[in-house]
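Trainee: I have a structure here that I have not seen before. Could you take me through it, please?

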Amino acid sequence: MSSISLQSRLPKTYRIKAITQETEMVRTYTFDGSLGAKPGQFLMLWLPGVDEKPFSVAFDDGSETKITFFAVGPMSEALAQSKVGDLVGLRGPFGTSYEWEAGDHIVLVAGGYGAAPMFFVASEAVKHGCTLEAIVGARGKEHLLYLKELESLQHVSLHVSTDDGSVGHKGYNTEVLDQLLEASADPDAKDPPIDRVFACGPEMMLKSVLTVSEKHKVPCQLSLERYMKCGFGICGNCVMDPTGMRLCIEGPVVSGDVCAKLTEFGKYHRDDIGKKHEF
Amino acid sequence: MNLSQTVLGITFENPTVLASGILGITSSTWKDVAKKGAGGITTKSLWAKEHKGHPNPTIIETDHWMLNAVGLPDAGPAKANEEIADFMKDHPVPLIANIVAGLIDDYAKTAEGIVPLKPDAFEVNISCPNVEDEFGKPFACSAPDAAKVTAAVKKVIGDIPMFVKLSPNVDHIGEIAKACLAEGADGFTVINTVGPGMAIDLRSRMPILANKVGGLSGPAIKPIAVKCIADVYAATDGKCPIIGTGGVYTGEDALEMILAGATLIGIGSAVSRHGAEVFAEVCEGMQYWCTNEGIDDISSMVGGMHKELASRNA
């Protein structure tokens with residue numbers, strides 16, 4: 001169950017403390033407060049007079065909160081116009097988080113701005129003695145995110161892939177995952193075997209992460225996305241077929257075993273009025 | 001201890017019903033809620049064509065209340081057909097199709113599209129308080145308008161029973177119920193959300209809901225719901241089944257509504273705190289209380305307050 005008592009279900013306004021331009025289209029905003037979010041959880045960000053949308057928490061250290069976003073629609077474009085000192089409403093944190101055990105060897109697979117929550121995972125997991133392989137993928141060099149931050153962490157090895165081959169492996173990050181899991185299965189491998197795979201990125205990438213992880217029999221946890229309204233399990237907009245599971249409560253981080261049973265995973269999603277759209 | 005209720009020829013294994021607007025979009029969710037213990041399911045409001053809801057924030061909550069202005073989004077008849085047909089294949093519990101329209105004449109059109117899917121009952125939403133900017137005052141706020149909608153729907157739904165969902169935001173809810181009854185309503189859902197209400201963020205000085213105002217629900221509204229149920233029960237001489245809805249979180253809340261005159265109990269806002277397990281929890285609470293009190297059939301409780309008052313006045 002989610003940590004309901006700790007959630008804020010009424011937005012509280014915070015000021016934008018800092019803005020970092022990550023790439024041409026991607027920004028990180030830092031807010032002057034904490035919601036007590038864990039890696040993988042999301043918050044609802046309200047831009048008064050505009051709209052409110054879910055965002056993955058990119059960082060929360062107990063005193064400030066960060067999100068990293070790509071301006072894709074009217075809401076995030078309006079958000080991109082905001083300045084330091086402007087007010088935004090935050091409520092949450094909502095949903096499940098990534099789960100690991102102390103000392104685990106974990107692979108992180110990040111696609112696009114999925115790199116932000118993956119950095120949050122890495123920064124927390126290293127505190128528990130975990131060793132991480134972070135695979136960051138993007139279309140091209142200019143879209144890669146959080147490389148410096150990930151590199152700065154001890155016990156994190158960085159692997160980069162780009163579709164166009166401008167840097168790192170030419171191709172998909174899931175191909176790198178396949179290689180890492182293959183090598184890890186070798187009894188002569190020098191590193192300890194990989195215990196789990198965490199992924200955040202486009203759903204078709206997640207589908208592929210699931211396939212690769214299943215092939216190597218390594219459990220995975222995937223961060224899914226559906227249209228969110230309430231964020232606390234009552235409106236029914238983010239439910240998934242065939243179980244009717246509410247992604248805002250039982251997700252966004254879902255184990256691979258559960259994803260494998262979701263008939264709509266990698267096939268379709270519903271919009272704000274409940275209409276199905278194929279991926 | 002028997003919790004089952006037979007209402008207008010439909011048997012509900014227990015009196016709890018998923019209220020409209022809550023988790024009501026897909027067949028897979030309805031089945032999940034039924035599996036977790038709801039005695040019946042009400043769909044989210046269905047329209048004759050696609051209808052956009054309001055932008056977010058649409059639902060906010062504190063310990064005492066919930067405020068919503070979701071704005072009745074719906075993907076229209078094709079989606080309703082797909083989801084309802086899928087649910088009716090298994091049909092684990094009775095399905096109540098909640099329908100809505102912007103104009104009196106359009107209600108019949110919405111109902112016509114749903115009739116072939118053979119829901120167990122209709123619930124006619126004439127009382128949503130958060131689409132006033134689009135459609136004006138809800139029809140439930142005027143006895144003649146409420147009666148006209150009832151008559152229009154009755155004409156097209158044949159033998160399928162019809163509950164009219166009433167608004168608490170009126171002077172005399174009993175009068176509205178009587179006007180609907182005269183035009184063929186079979187029962188009532190009492191109540192829809194209260195208000196509308198408003199919540200303002202202090203720092204930004206902005207109303208939090210994008211729609212500015214929204215319907216109030218949750219624990220705070222239960223006493224209003226109980227009073228409205230009692231009024232409708234009295235106005236219709238206890239002859240019409242009532243789905244009592246508004247602030248039910250426990251078995252005792254449900255029993256209070258049953259004493260006021262409810263036969264079935266709609267549960268909505270409580271799902272946000274207790275999950276869909278709330279239906280089983282409310283049933284267990286009723287079982288426990290009734291067993292301790294030596295009551296072996298829930299139907300003997302319906303309208304109990306009215307009977308008690310009458311016996312004391314006799």
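Trainee: What should helix 5 of chain B span at 1.5 Å a residue, and how far apart are its end C-alpha atoms?
Mentor: Its 15 residues, 143-157, should span 21 Å, and the end C-alpha atoms are 21 Å apart, which agrees. The expected span is 1.5 Å times one less than the number of residues. Helices (H or I, at least four residues) and strands (E, at least two) are DSSP runs, numbered from the N terminus.

Trainee: How do the numbers and letters work, and where does the model come from?
Mentor: This is a predicted model, in which local features need pLDDT of at least 70, side-chain atom pairs count only at pLDDT 80 or more, and totals for chains, interfaces and linings use all residues. Residues are numbered from 1 along each chain as its sequence is written, while chains are lettered from A and ligands numbered from 1 in the order in which they are written.

Trainee: Back to that helix. Which of its residues are buried?
Mentor: In helix 5 of chain B they are B:Ala146, B:Ala147, B:Val149, B:Thr150, B:Val153, B:Lys154 and B:Ile157. They cover an arc of only 160° around the axis, which puts them on the same side of the helix. The arc is that of the directions from the helix axis to the C-beta atoms. A residue is buried if 20 or more other C-beta atoms lie within 10 Å of its own, exposed if 12 or fewer, and partly exposed in between, with C-beta atoms placed from the backbone.

Trainee: What covers them?
Mentor: The cover of helix 5 of chain B includes helix 3 (106-114), strand 8 (121-125), strand 9 (162-166) and helix 6 (173-182) of chain B. Just after helix 5, B:Gly158 takes a positive phi of about 60°.

Trainee: And which residues of helix 3 of chain B are buried?
Mentor: B:Tyr107, B:Ala108, B:Thr110, B:Ala111, B:Gly113 and B:Ile114 are. Their cover includes helix 2 (77-90), strand 7 (95-99), strand 8 and helix 5 of chain B.

Trainee: Where do the buried residues of helix 2 of chain B lie around the axis?
Mentor: B:Ala80, B:Glu83, B:Ile84 and B:Phe87 are buried there. They cover an arc of only 95°, which puts them on the same side of helix 2. The face turned away from that buried side carries the exposed residues B:Ala78 and B:Lys89. After helix 2 of chain B comes B:His91, whose phi is positive, near 50°.

Trainee: Changing topic: how many helices and strands does chain A have?
Mentor: Chain A has seven helices and 18 strands. Seven strands form an open antiparallel sheet in the order 4-3-7-1-2-6-5. Its edge strands are strand 4 (51-56) and strand 5 (59-60), each pairing on one side only. Two strands pair if DSSP finds at least two bridges between them.

Trainee: How many bridges join strand 2 to strand 6 in chain A?
Mentor: Six bridges join strand 2 (residues 26-31) to strand 6 (residues 65-70), and the two run antiparallel. A:Thr30 stands opposite A:Lys66 in strand 6.

Trainee: How many residues of chain A are in contact with chain B?
Mentor: 30 residues of chain A are in contact with 35 residues of chain B. Contact means that the C-beta atoms of two residues, placed from the backbone, lie within 7 Å.

Trainee: Which element of chain A gives the most to that side?
Mentor: Strand 1 of chain A does, with four residues. The elements giving two or more residues are strand 1 (8-21), strand 4 and strand 7 (87-94) of chain A.
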